[in-house]
Amino acid sequence: MGKDLTLVREEIKPEMGSTDFALSMKGITKTFPGVKALSNVNFAVKFGTVHAVVGENGAGKSTLMKVLSGSYQPTSGTIEVGGTEARLRRPADAQALGIRMVHQELNLVPDLTVAENIYLGRMPGRWGFLDKNEMLQKATAVLQEQETAIDPQEILGNLSISQQQLVEIAKAYAANPRIIVLDEPTSSLSEHETAALFRILRKMRDAGIAIVYISHRLKEVLEIADEVTVLRDGSMIETRPIAGISASEMIQLMVGREVSNVFPKSPAKIGEPVLRVNSISDGANFRDVSFDVRAGEILGLIGLVGAGRTEVARAIFGLSGIVEGTLTLNGKDVVINSPAEAVKAGIAYVPEDRKGDGIIPGMSIRENISLPVLRSLTTFGWIRGKADRTLADQYVKQFSISPPDPERRVNLLSGGNQQKAVIAKWLAAKPSVLILDEPTRGVDVGAKAEIHNIIGQLVANGMAVVMISSELPEVLGVCDRIVVMRDGQASPPIDRQDLTEERIMALATGEEVA
Amino acid sequence: MRQTIAIVLQYRVAIILALTLTVSGLIVPGYLSETTLSLGLDRAAAIGLIATGLTVLLIAGQIDLSGGAIFALAGIVSTILQPSLGILPAALVGVFVGGLCGAINGGLVVGLKVNSLVLTLATMLIFRAVAHWITNSQPVTGTDIMFSLTMAQIYLDIFSIRSALFIVCIILLHLWLTRTIAGRNVFAVGSNATAAEESGVAAGRVVFFGFIFAGSLAGVAGVLQSLVTNTGSPVFGSELTVAVIAAVVVGGTRLEGGRGSALGTLGGVLTMAALTMAMEFQSVPAYLQQVVSGLILILLVVLDRTVHTRGRAAGAIPLLVTQNPITTGGKP
């Protein structure tokens with residue numbers, strides 16, 4: 001692999017000037033009408049290092065990165081790239097200086113091939129005619145260098161989200177950058193894929209690239225970063241070498257208060273099994289899956305991406321078919337052929353892709369919440385406005401959705417608050433079983449704790465919860481029992497006390513640990 | 001088996017066209033003669049030229065409803081100016097008017113960040129009204145009827161000037177879309193305009209020039225129509241827009257953008273023309289012809305869905321250009 005390096009990258013060190021700093025942002029302040037989003041932030045990143053940026057949502061991370069990418073102009077402050085002062089008026093300016101962003105929301109073109117995506121905007125050619133062979137060769141080299149087994153000729157839309165994430169990173173890398181900014185790059189990756197990503201990042205770091213790494217996952221920050229900068233309320237709290245800082249210290253700096261337990265599990269009385277899944281198969285993605293979930297219990301469903309967790313949840317909810325096996329709900333066998341039947345039977349499902357499946361972006365919080373139960377709020381087909389508003393008010397208050405305005409369009413909320421609204425939407429239907437697919441993916445520490453709290457309240461009231469998650473500490477902190485899936489097969493539910501992260505990973509990957 | 005189905009689905013337009021021609025050839029006497037085919041091709045050329053322009057726009061995630069109105073307006077302008085400018089310069093001005101209308105569409109869509117469906121609905125009404133205004137709602141006549149006869153002449157036993165022009169345009173567009181970087185960028189903009197923009201593709205410019213291209217081709221079609229008939233009329237092309245969109249969509253170009261092809265459009269235009277011809281020969285009532293066209297459209301759209309839903313969320317409702325940041329001003 002090493003000898004291919006010259007094929008796709010030129011040496012980057014020269015012409016950089018005489019500084020170790022790839023990037024130095026000094027005294028950055030950004031005000032919007034009525035809001036000070038950033039206040040006098042100093043942020044510097046050295047060449048050949050991974051620099052993590054952590055902070056709760058709203059702490060100013062994205063604003064800072066938008067200033068860096070040229071999308072926002074700072075109200076005051078200076079930016080130096082490679083030791084030279086730079087004015088970043090447009091994203092193109094930042095790109096010309098070798099700054100590349102890998103966004104959390106994938107910025108790829110689904111209908112083009114992987115290779116075309118990697119070279120979009122910079123396709124090789126002569127007289128305007130595309131040189132397909134050259135593009136394919138270069139893309140293959142980049143993907144190989146990243147040790148990803150992705151076919152550069154595949155149409156991007158056919159790849160899984162995590163593969164697309166890797167393409168996005170390859171795209172940034174292929175542009176020969178000096179600085180790469182990654183925004184929550186692991187939110188859609190399994191632990192396995194995260195490890196692969198980290199290998200790529202270390203390689204890029206060793207090639208002298210400065211990497212800015214934004215993440216909510218402190219464990220990953222501790223693993224990959226050389227330095228960490230903590231932001232809170234638009235101010236820079238501290239920059240520290242990663243050696244000598246712990247996750248709890250980082251959390252303390254982020255929230256400005258001591259958080260004793262990131263994953264509070266309120267004790268709940270465990271009752272009778274509510275939902276029993278009896279060796280179900282869908283003929284493709286999973287087979288012979290059995291488990292039960294009891295009233296007052298949180299059952300974790302964990303596994304690598306592609307292990308079949310989401311497919312099991314979708315099948316239970318009637319979104320896809322079950323070819324073998326049965327479901328027993330409250331002691332009675334049920335057949336569920338559609339989500340409508342599932343809702344009627346008392347099963348609710350909060351999907352993983354919040355934007356795609358969970359919320360209706362153009363509608364208000366109130367309209368989203370009452371959507372599944374609208375029929376019960378009508379008199380002769382007319383919606384009773386007051387009942388509708390009361391319902392929304394109740395959940396906005398109970399879940400402390402912020403801002404507490406039921407008429408706010410739901411796509412204007414932060415990720416954590418959107419998730420709360422989605423959960424509220426399903427609770428209004430009063431289900432006895434709630435299935436949550438990655439409920440805390442991409443939300444900040446504070447909102448995560450709140451969501452865990454909400455789940456805790458629900459089980460305390462006797463609901464049975466199935467929670468799919470890729471975060472081991474979360475699962476171990478929140479769940480009573482855990483089912484580990486691998487290649488479409490499921491372990492029996494295991495008590496939390498009998499599990500460690502290592503044990504779960506061993507079960508999920510099939511690699512036995514000593 | 002599965003592969004066979006995939007191939008059949010991929011070339012569905014060509015297959016349906018071949019079927020139409022074969023069946024029509026068997027039941028309609030004289031259908032496959034050179035005269036009939038050249039006549040049909042010539043008639044298809046008007047729809048075809050507008051469809052060629054629209055193909056680019058649809059791939060870029062936009063739509064232009066004003067093509068029929070531009071068609072009429074360009075024809076009128078080129079006819080009115082014939083006495084003062086001469087036939088050919090007047091024709092060029094007519095084409096220029098088409099391009100100008102396209103530039104107005106594109107400038108407004110990009111500049112005001114509005115939905116092209118709504119905007120070109122508005123400009124369709126305006127362009128049509130202007131056409132009525134400058135002609136007092138009366139047809140205008142050209143200066144030289146003999147020139148019209150030259151225009152309608154058939155070369156190489158099959159091509160009229162405009163059907164040849166249509167074929168040439170389609171082939172050039174095909175090469176441009178598949179072989180050039182700019183062509184790829186059109187697909188990128190239609191598939192995900194934000195991503196294209198952030199990758200350094202000037203999405204607004206792509207859309208703007210797409211509208212100019214579409215307007216110019218509608219202008220060319222209108223001018224040719226006026227030359228052939230020696231007439232410019234404000235009601236020309238009023239039923240064209242829907243037929244054009246149908247032909248492009250039958251050709252496999254997706255209304256939501258990001259996918260489509262010039263050769264597909266060629267197939268779509270020819271299929272629709274072949275069907276119409278066959279039914280006219282059999283004296284099928286006009287309303288029944290429309291029913292058949294509608295059914296073919298539904299059939300092909302369903303086939304298209306079958307081809308492309310693999311690996312994607314089933315049941316997603318296609319949104320007509322509403323999710324395009326260019327037309328929604330960056331808001332989802």
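Chain B and chain A meet in a contact that takes 21 residues from chain B and 22 residues from chain A. The model is predicted. On the side of chain B that touches chain A, helix 10 (181-191) and helix 11 (193-198) each supply at least two residues. Helix 10 of chain B gives the largest share, six residues.

Now turn to a helix pair within chain B. Two packed helices are described by the angle between their axes and the distance between the axes. The axes of helix 6 (residues 87-112) and helix 7 (residues 116-135) of chain B come within 10 Å. They cross at roughly 145 degrees. The crossing of helix 6 and helix 7 of chain B is right-handed. From helix 6 of chain B, the contact uses B:C101, B:I104, B:N105, B:L108 and B:V109. Helix 7 of chain B answers with B:S116, B:L119, B:T120, B:T123 and B:F127. These residues of the contact divide into six nonpolar, four polar and no charged.

A:A268 counts as buried because it has 20 C-beta neighbours inside 10 Å, and 20 or more is the cut-off for buried. Leaving aside residues up to four places away in sequence, A:A268 touches A:G296, A:V459 and A:A460. A:M463 is 195 residues from A:A268 along the chain, yet their C-alpha atoms are separated by 10.0 Å.

Notes: Residues are numbered from 1 along each chain as its sequence is written. Chains are lettered from A and ligands numbered from 1 in the order in which they are written. This is a predicted model: local features need pLDDT of at least 70, side-chain atom pairs count only at pLDDT 80 or more; totals for chains, interfaces and linings use all residues. A residue is buried if 20 or more other C-beta atoms lie within 10 Å of its own, exposed if 12 or fewer, and partly exposed in between; C-beta atoms are placed from the backbone. Two residues are in contact if their C-beta atoms, placed from the backbone, lie within 7 Å. Axes are lines fitted to C-alpha atoms, for helices over the stretch in contact, and angles run from 0 to 180 degrees between N-to-C directions. Helices (H or I, at least four residues) and strands (E, at least two) are DSSP runs, numbered from the N terminus. A crossing is left-handed if the near helix is turned anticlockwise from the far one by less than a right angle, and right-handed if clockwise. Ala, Val, Leu, Ile, Met, Phe, Trp, Tyr, Cys and Pro count as nonpolar, Asp, Glu, Lys and Arg as charged, and the others, Gly among them, as polar.
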